[in-house]
Amino acid sequence: MNGNSKGIGGMASTRSDLDMGAVRCQHLPMSGTVSGSWRERMRLRMAERQLEYVIASSVENLKPRTDARTILALLLSVAVLLTPVAIAGLGVFVILWSDFAVIGTIFGVCLLIMAWVLLPPVNRLDGPVYGRAEMPALFELVDKLAGQIGAPKVDGIWIDPSLNAFMGRFSRRRKRILGIGLTLWQILEHRERVALLAHELAHEVNGDPARTTLIWMAENTLHAWIDMLTPDGHDPDDFRSDDWGIGMAGEAMRIMAGLVTLLLRGLVRLNMRQSQIAEYYADLIAAKMAGYEAEVDSQRKLVLRPAIDGRLVRRISGQPGAGRKLLTEMKGHIDGLSAEAVEQLEKRMLAERSSVDATHPPTAYRLRFLSHHSDLKGEFDASTTDWAAIDAELDPFLEPMGQALLDEPWRL
């Protein structure tokens, strides 16, 4: 990074909670002796070996391929998705076997209800999804990028206030929805926006096994089962009681939640290596489209999230049009950070490590990988994009989205 206070850019993690329901990553120090358990040291070695692998791989060989772990993940996913079918079949069998006796019928119906409850959930978004008629200029940019990358066209765009972006499948028809966090969009330069969109679209072609229909549905299903076993985020232990029946039910919930969690972790770990390689590959596609510098700048803005602190919110809160003012002034706030503040935030980024449960490689590793492709100048011509028209389409969102951040800062 240069010595001035400007010029870092940003990109959100592509696999958001809405998108994949990912297991959270953990971090270890980057320099010095690695302390902690043997498991932490093993995670460190795995992350570094993977970085060495992607750096040494040719572009042609970087795209993930189906391996034994992927096949095992697919088989495990099929088993998860067939569980409700098996329970429903058992329920029908019990009813027929009992010749519709009262007890047998009640038990069979209970099994059918359980099967219904355990069916894969339908991913939905808590807001409207916009199509080409509402946002023609933004869709023109996205469609042009998708065509150049070789990705299928998106079915809709969803806007929220966050410093984030994602590409996911939603509704029973599994429509491709591109999610854009308005805070992130506002602090990016034009070429950095191209890098952001290219990275998200690249997830449709980067070979990530966790995004295949079976594995994706199985992971979402396991998350739904865990939610059912831990209502309102409570641990089953919270429901322990002196009453014998309630105590037994709480213990059963605790055991089942633990088993499902282990199953989910196992499924994520099976996909871990190939998913992280796919993430590196998506970075490479973004750099190929937007250019090395734009992709690197966009990555680095990830570390500036802590800089969007309460002082900016307190200064603007209560003013007329505070929501719009917050988002329109966000970029100036970020660009105005001192070189010392940026350096401290970047040091924090360089201290990150990734565990084997992480769905993305550490940002520092991704930047190190990209440094081996610094010759990429960007094949996409961003100068032909009507940025003013895109800004006009997003302008009505500034006030409500900014106000949502003022009311609920955690949504950033």
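Reply: Aspartate 67 caps the N-terminal end of helix α4, where one of its side-chain oxygens lies 3.2 Å from the backbone nitrogen of arginine 69. A polar contact of this kind is a pair of N or O atoms within 3.5 Å; within protein, one atom must be able to donate a hydrogen and the other to accept it, and residues adjacent in sequence count only if both atoms are side-chain atoms. The model is predicted, so local features are reported only where pLDDT is at least 70 and side-chain atom pairs only at pLDDT 80 or more, while totals for chains, interfaces and linings use all residues. Residues are numbered from 1 along each chain as its sequence is written, and side-chain values use heavy atoms, with hydrogens and water left out.

Helix α4 itself covers residues 68-97; helices here are DSSP runs of H or I with at least four residues, strands are runs of E with at least two, and both are numbered from the N terminus. At 1.5 Å a residue, the 30 residues of α4 should span 44 Å, and its end C-alpha atoms are 41 Å apart, which agrees; the expected span is 1.5 Å times one less than the number of residues.

Several residues of α4 are buried, among them Thr70, Ala73, Ser77, Val80, Leu81 and Pro84, where buried means under 20% relative accessible area, exposed means over 50%, and partly exposed lies in between (1.4 Å probe, protein chains only). Further along α4, the buried residues include Ile87, Gly91, Val94 and Ile95. An α-helix has 3.6 residues a turn, so residues three or four places apart point the same way.

Serine 77, which sits in α4, counts as buried because its relative accessibility is 0%. If residues up to four places away in sequence are left aside, serine 77 touches Leu214, Ile215, Ala218 and Leu267, a contact being heavy atoms within 4.5 Å.

After α4 comes aspartate 99, whose phi is positive, near 55 degrees. Aspartate 99 belongs to the loop between α4 and α5 (102-117), and with a relative accessible area of 62% it is exposed.

Another residue with a positive phi, here near 70 degrees, is serine 171, found in the hairpin of β2 and β3, which has four residues between its strands. Serine 171 counts as partly exposed, at 26% relative accessibility.

Six of the six residues of β2 (residues 165-170) are buried, so the strand is largely enclosed by the rest of the structure. Both of its faces are covered, with Ala165, Met167 and Arg169 buried on one side and Phe166, Gly168 and Phe170 on the other. In a regular strand the side chains alternate between the two faces of the sheet.

The sheet is open and made of three strands in the order β1-β3-β2, with mixed pairing. Its edge strands are β1 (156-160) and β2, each of which pairs on one side only. On average, neighbouring strands are turned by 25 degrees against each other, direction ignored. For such angles, axes are lines fitted to C-alpha atoms, for helices over the stretch in contact, and values run from 0 to 180 degrees between N-to-C directions. The pairing of β1 and β3 is parallel and runs over five bridges, with aspartate 160 opposite glycine 181 in β3. Helix α6 (residues 136-149) packs on the sheet, where it touches β1 and β3, and its direction makes about 115 degrees with that of β1.

For the protein as a whole, the secondary structure comes to 17 helices and three strands, and 50% of the 412 residues count as buried.

How values were computed: Two strands pair if DSSP finds at least two bridges between them.
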